[in-house]
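Work through the exercises below with the sequence and the 3D structure open. Try each task before reading its solution.

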Amino acid sequence: MDNPGSNHARAERARQGIEPSSLEQVLVSSSPQQVVPERDGILALQSVFDAPDGKSFLLRMLLNQKDTAVVATAYRTSKLAKYWRQS
């Protein structure tokens, strides 16, 4: 998976140092741990990862289904409680 998604998604991934392999884990290999419907046909695909410093972070990819399933943006956040949905 080389540079998936929109220009914005690629720029955000580079800015935050998100490895393509992390995106592959969420999108392809193991599938996302959660899929959360957002607004206007956007789905948030998200999984929790451990950083090298031992902290957990959430990798979120916003998928625009209207544009033939293009990753609109990707970012990682330490705000798990804000985005993670309890079953």
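**Exercise 1.** State how many helices and strands the chain has, and in what order they run.

Solution. The chain has 3 helices and 4 strands. Here helices (H or I, at least four residues) and strands (E, at least two) are DSSP runs, numbered from the N terminus. Read from the N terminus, the order is α-α-β-β-β-β-α.

The model is predicted: local features need pLDDT of at least 70, side-chain atom pairs count only at pLDDT 80 or more, and totals for chains, interfaces and linings use all residues. Residues are numbered from 1 along each chain as its sequence is written, and side-chain values use heavy atoms, with hydrogens and water left out.

**Exercise 2.** Find what share of the chain is buried.

Solution. Of the 87 residues in the chain, 39% are buried. Buried means under 20% relative accessible area (1.4 Å probe, protein chains only).

**Exercise 3.** Locate Gln 46 and decide whether Gln 46 is buried or exposed.

Solution. Step one: Gln 46 sits in strand S2, which covers residues 42-50. Step two: Gln 46 counts as buried because its relative accessibility is 0%.

**Exercise 4.** Identify the polar partners and the neighbours of Gln 46.

Solution. Step two: a polar atom of the Gln 46 side chain lies 3.1 Å from the backbone oxygen of Tyr 83. Step three: leaving out residues up to four places away in sequence, Gln 46 touches (heavy atoms within 4.5 Å) several residues, including Pro 32, Val 36, Leu 58 and Trp 84.

Technical notes
Buried < 20%, exposed > 50% of the residue type's maximum accessible area, 1.4 Å probe, protein only. Polar contact = N/O pair within 3.5 Å; in protein donor to acceptor, adjacent residues only side chain to side chain.
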